[in-house]
Amino acid sequence: MFKKILIANRGEIAVRVERACREMGIPTVAVYSEVDRHALHVRCADEAFLIGPAPAAESYLVIDKIIGVAKKSGAEAIHPGYGFLAENPRFADRCEAEKIKLIGPSAHAMRTMGSKTVARKTVQSAGVPVVPGTVDPISTEEEVLRIAKEIGFPVMLKATSGGGGKGMRLVREEGELHSALRMAKSEAKSAFSDDSIYLEKYIEQPRHVEIQILGDRQGNYVHLCERECSIQRRHQKVIEESPSVIVTQEMRAAMGKVAIEAARAVKYEGAGTCEFLVDAKRNFYFLEMNTRLQVEHPVTEMVTGIDIVKEQIRIAAGEKISVRQEDIRQTGHAIECRVYAEDPDRNFMPCPGLVTSLRTPGGPGVRDDSGVFEGFEIPIYYDPIISKLVVWGKDRSEAIARMKRALNEYVVTGVKTTIPFHIRVMNNRHFIEGSFDTNFIDEVFFKEEKERKLAHGDVAVITAAIQVFLGERERAIAQKPAGASGPVSMWKYSTRPGIRKIG
Amino acid sequence: MNYIGTIGEKEVKVGVREVGVARYAVTIDGQEHQVDAHQVQSSVWSVLYGDASFEVDVQGKNEEFEVLIAGDCYKFSLMNEQRKAMMRSGGKGAVGKAMVTSPMPGKVVKLLVNEGEEVKVDQGVIVVEAMKMENELKSNIAGKVKEIFVKEGEIVESGAKLLLVE
């Protein structure tokens with residue numbers, strides 16, 4: 001086993017990895033930028049090294065600096081978390097050259113799966129179903145039109161090196177194609193400096209379901225069942241759960257098998273995730289493979305009891321996967337809500353700042369993977385994630401009730417958070433019924449919310465009025481001119497009685 | 001104390017009286033509500049209203065409030081009645097003499113004009129601070145500053161004469 005692990009990340013995910021290391025008795029090395037000196041991940045680590053100024057491009061993303069710290073500290077392995085360098089094949093190459101074990105798949109696997117078109121081609125030849133469309137990037141509008149007609153409208157234009165919803169355009173009919181193509185290309189160009197586009201059939205009412213897999217160097221593969229990630233806003237996941245209400249036992253086995261085939265096609269090592277789109281008829285299509293730990297991994301940990309980070313570390317050290325497929329059980333139901341420092345009432349505008357007070361939820365079945373504490377200033381430079389709140393219940397309805405309960409216990413002041421938004425989703429009829437697709441939040445939820453009447457306006461006004469009243473009184477006391485009131489001084493001016501003017 | 005609350009388009013009258021330790025009688029448009037309110041954590045209040053217990057996060061800036069209760073955000077403004085009245089006062093275009101007086105107890109922060117200076121209608125002439133808010137008071141008429149009765153830094157009572165414009 002490794003004698004020391006460097007964690008090339010910050011915030012809640014760095015803390016999450018440190019927790020696994022600590023439980024395994026492995027010393028950890030943290031890295032931090034100038035604004036992160038007080039951050040939790042620095043305080044939880046055994047060693048910590050400053051790696052530069054706040055902007056990630058000058059600190060957390062600088063390969064030389066991370067490698068330098070690894071050498072200086074004697075770390076034998078690096079856990080990249082997610083984001084930053086986690087899916088950067090150049091970083092993987094460099095680690096290999098420096099003989100430092102990167103906890104994750106090979107650079108080859110990252111490169112193959114990192115390009116959506118290569119990934120499609122690779123998994124397709126391994127027998128994995130993909131969404132009908134092109135495999136190669138297409139350049140001319142005529143070609144786009146020809147293929148779109150071939151597979152049938154609606155189609156989705158996607159950036160070859162895309163992600164996070166950028167460079168994606170839905171085209172419902174031929175007339176929309178010209179402008180959609182132009183916009184997708186320019187968006188892709190500015191976001192990824194690569195304007196190549198490919199095209200897929202658009203799946204109506206799609207659900208996003210993904211399969212967590214593990215692979216080891218000995219060539220063993222298991223899948224840890226599915227996660228339902230259809231609750232998204234602007235193509236970003238915000239709530240995830242396991243199991244998915246639409247996945248049957250047969251479907252689960254079939255999707256798991258396919259995910260393992262995709263992983264095997266690139267000799268995948270460690271933890272990875274195959275994302276699928278599922279249509280209204282429950283056909284599933286491979287979307288992409290994420291070659292890293294996922295934000296939503298705790299959902300799977302809660303239902304399977306498997307610590308995915310520990311598995312990653314053991315696999316990287318050359319050990320076999322600790323479980324066999326037939327021993328993996330999906331027990332109960334888990335839900336994760338991503339708590340961000342964003343203002344849900346202002347279109348989820350990031351809201352960094354000082355956390356002036358904090359009360360985290362507890363009680364049965366609640367897990368809070370947080371990176372903040374009371375008095376922490378959420379920096380403006382990074383993803384404004386505060387925490388991932390995860391609950392487990394014996395079934396979905398208990399999990400929803402528990403999540404609602406935990407969200408209500410969660411108090412964060414000083415910054416706006418997405419907690420109120422999550423409470424609303426947990427109360428939403430469609431969510432409770434499990435009838436939603438990836439368009440739910442943007443197209444259904446917000447419309448329904450607008451029409452909702454709020455119940456406690458009186459209490460809101462009463463409390464604010466009391467606060468104003470007390471504030472005014474406090475200031476009035478402070479403002480009173482000296483001498484007008486206040487305790488009377490017992491010291492009075494007088495001439496010294498002993499000295500008298502004589503004559 | 002009395003306040004004017006603005007909720008959407010609607011205005012309500014809000015009155016607050018302290019009736020015991022952490023106990024308040026708050027009237028909203030004449031209807032009285034008795035509550036037990038404790039500020040328990042930064043901006044978070046624990047409010048007992050009848051038998052019901054609420055956790056209320058009050059975020060307020062410049063009289064605009066965003067209050068969070070059980071995941072619902074209530075937005076409204078709340079303004080001291082005197083201040084509201086002051087903001088509304090000032091019939092424009094009057095002629096003759098006009099005395100600028102302080103609508104509330106406070107402190108003269110700054111004189112914006114000198115004696116003898118010409119002023120226009122609605123020109124700010126003096127800044128009075130009260131409740132940590134600076135209020136720029138304006139001249140109702142156009143004319144010349146005839147006399148200034150106060151100095152910067154002076155504490156003034158409600159209704160105090162500040163300056164005369166003629």
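Visitor: What share of the residues of chain A count as buried?
Guide: Of its 503 residues, 48% do. Buried is used here for a residue with 20 or more other C-beta atoms within 10 Å of its own, exposed for 12 or fewer, and partly exposed for anything in between, with C-beta atoms placed from the backbone. This is a predicted model: local features need pLDDT of at least 70 and side-chain atom pairs count only at pLDDT 80 or more, while totals for chains, interfaces and linings use all residues. As for labels, residues are numbered from 1 along each chain as its sequence is written, and chains are lettered from A and ligands numbered from 1 in the order in which they are written.

Visitor: And A:Ala476, exposed or buried?
Guide: A:Ala476 counts as exposed, because it has 12 C-beta neighbours inside 10 Å. A:Ala476 belongs to helix H16 of chain A.

Visitor: How many helices and strands does chain A have?
Guide: Chain A comes to 16 helices and 22 strands. Those are DSSP runs numbered from the N terminus: H or I of at least four residues for helices, E of at least two for strands. The C-alpha atoms fill a box of roughly 120 × 60 × 50 Å along the principal axes.

Visitor: Which domains is chain A divided into?
Guide: There are domain 1 (5–103), domain 2 (132–201) and domain 3 (207–450). The bounds come from an automatic or database domain assignment. Taken over C-alpha atoms, the centres of domain 1 and domain 2 of chain A are separated by 37 Å.

Visitor: Pick a helix pair. At what angle do helix H4 and helix H5 of chain A cross?
Guide: H4 (residues 89–97) and H5 (residues 107–114) of chain A cross at roughly 170 degrees, and their axes come within 8 Å. That makes H4(A) roughly antiparallel to H5(A). Axes are lines fitted to C-alpha atoms, for helices over the stretch in contact, and angles run from 0 to 180 degrees between N-to-C directions. Under 35 degrees counts as roughly parallel, over 145 as roughly antiparallel, 65 to 115 as roughly perpendicular and the rest as oblique.

Visitor: Which residues make the contact?
Guide: H4(A) brings A:Pro89, A:Ala92, A:Asp93 and A:Glu96, and H5(A) brings A:Ala107, A:Met110, A:Arg111 and A:Gly114. By contact I mean C-beta atoms, placed from the backbone, within 7 Å. By class, that gives four nonpolar, one polar and three charged residues. Nonpolar covers Ala, Val, Leu, Ile, Met, Phe, Trp, Tyr, Cys and Pro, charged covers Asp, Glu, Lys and Arg, and the others, Gly among them, are polar.

Visitor: Switching to sheets: what order do the strands of the open sheet in chain A have?
Guide: The order is S7-S6-S8, three strands with antiparallel pairing. Two strands pair if DSSP finds at least two bridges between them. S7 (169–171) and S8 (197–201) of chain A stand at the edges with a single partner strand each, so one side of each has no neighbour in the sheet. The twist averages 25 degrees from one strand to the next.

Visitor: How many bridges between S6 and S8 of chain A?
Guide: Five bridges, antiparallel, with S6 spanning residues 155–159 of chain A. A:Lys158 stands opposite A:Tyr198 of S8(A). Helix H7 (residues 141–151) of chain A packs on the sheet, touching S6, S7 and S8 of chain A, and its direction makes about 15 degrees with that of S8(A). Helix H8 (residues 177–192) of chain A also lies across S6, S7 and S8 of chain A, at about 25 degrees to S6(A).

Visitor: Now chain B. Which strands close into a barrel?
Guide: Eight of them, in the order S1-S2-S3-S4-S5-S6-S7-S8 of chain B, with antiparallel pairing. The average twist from one strand to the next is 35 degrees. S1(B) and S2(B) share six bridges, and B:Tyr3 stands opposite B:Val14 in S2(B).

Visitor: Which helix packs on that sheet?
Guide: Helix H16 (residues 457–479) of chain A, touching S1 through S8 of chain B, with its direction at about 55 degrees to that of S6(B).

Visitor: How many residues does the contact take from chain B and from chain A?
Guide: It takes 39 residues from chain B and 32 residues from chain A. The chain B side has 28 nonpolar, seven polar and four charged residues.

Terms used. Two residues are in contact if their C-beta atoms, placed from the backbone, lie within 7 Å.
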